[in-house]
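Here is a short briefing to read alongside the model.

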Amino acid sequence: PSGVLVLEVALDSLRSWIKDLDPGDHGVILVFDQKGRFAYHPTLDLQGEFHDDAVPAPARQALAGGHGVETAAGTERAGVQLFAYAPVAGHGWGVVVAQPTATAYARGDSSLRLSLTTYGLIFLLNCALAYVILSILLRVKRAEESRSRLAAIVEGSDDAILGETLSGEIFTWNRGAERIFGYTEAEACGRSLDFLIPSEGG
């Protein structure tokens, strides 16, 4: 009798402790003893006793020392269930947590949708940024090509073409100017345009 009393106290403590656990929406926690009998079931009134019933496959694997996660058909009402199972080390018991797959994966699906949306926005932002950078580079390249063509035209012209700063100093001087005025680019650049105007005495 004393052995039965100790067993009842242990089972009651176990059930009280498991009831405080939250297996999630529509989830259940099942505990099996070494013989595959229910030691805890949320809907069965075990009243301090073990209960014989059909042992589900995940429980058999847990009692055999295995642990893992798998899906299997549950009751017609529950549909496909996600089972996580593991042995109770040193006791030969097994614990199984069951939850409908729709509920179990709901949070994961929500997180996945959020992740996909975030990555999608980042991808679009990167595409827009790449387009802007490419447009800038193309404009710079076209401007450089235009400047190169213009420089080639100026340099190859027979006419005198020169550039003047706001302060009146020459900063560009082409070959046509060298031929007409007789000064090299090095001689003309940095000087005022006034030196090209003949003096009244000259």
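**Overall fold**

Read along the sequence, the protein chain runs α-β-β-α-β-β-β-α-α-β-β-α-α, which comes to 6 helices and 7 strands. Helices (H or I, at least four residues) and strands (E, at least two) are DSSP runs, numbered from the N terminus. Please keep in mind that this is a predicted model, in which local features need pLDDT of at least 70 and side-chain atom pairs count only at pLDDT 80 or more, while totals for chains, interfaces and linings use all residues. Residues are numbered from 1 along each chain as its sequence is written, and side-chain values use heavy atoms, with hydrogens and water left out.

**The chain in numbers**

- Of the 202 residues in the protein chain, 21% count as buried; that word means under 20% relative accessible area, with exposed over 50% and partly exposed in between (1.4 Å probe, protein chains only).
- The protein chain exposes about 14,300 Å², and carbon and sulfur atoms supply 59% of that area, as given by the Shrake-Rupley method with a 1.4 Å probe.
- Take the contacts (heavy atoms within 4.5 Å) between residues at least 6 apart in sequence: 34% of them join residues at least 24 apart.

**The β6–β7 hairpin**

- Strand β6 (residues 162–164) pairs with strand β7 (residues 170–173) in the antiparallel sense over 3 bridges; pairing requires that DSSP finds at least two bridges between the strands.
- The two strands, β6 and β7, form a hairpin with 5 residues between them.
- In the turn, Gly168 has a positive phi of about 90 degrees.
- Leu162 has Trp173 in β7 as its bridge partner.

**Aromatic pairs**

- A search of the whole structure turns up 2 aromatic pairs. Rings of Phe, Tyr and Trp (its six-membered ring) pair if their centres lie within 6.5 Å; planes under 30 degrees apart count as stacked, over 60 as edge-to-face and the rest as tilted.
- Trp173 and Phe181 make a tilted pair, because their ring centres are 5.7 Å apart and their planes stand at 40 degrees.
- Within this pair, Trp173 is buried at 3% relative accessibility, whereas Phe181 is partly exposed at 34%.
- Tyr183 and Phe195 form an edge-to-face pair, with 4.8 Å centre to centre and 75 degrees between the planes.
- Tyr183 lies in the loop between α5 (175–181) and α6 (185–188) and Phe195 in the segment after α6, so this pair ties together parts that are 12 residues apart in sequence.
- Here Tyr183 is partly exposed at 29% relative accessibility, while Phe195 is buried at 19%.

**Around Tyr183**

- The charged end of Arg191 sits over the ring of Tyr183, 5.8 Å from its centre, and also over the ring of Phe195, 4.0 Å from its centre. A charge sits over a ring if NZ of Lys or CZ of Arg is within 6 Å of the ring centre and within 35 degrees of the ring normal.
- Leaving out residues up to four places away in sequence, Tyr183 touches Trp173, Glu178, Ala188, Arg191, Phe195 and Leu196.
- From C-alpha to C-alpha, Tyr183 and Trp173 are 9.2 Å apart in space, and they are 10 residues apart in sequence.

**Ser157**

- Ser157 lies in the loop between α4 (106–156) and β6 and is buried at 17% relative accessibility.
- Not counting residues up to four places away in sequence, Ser157 touches Asn174 and Gly176.
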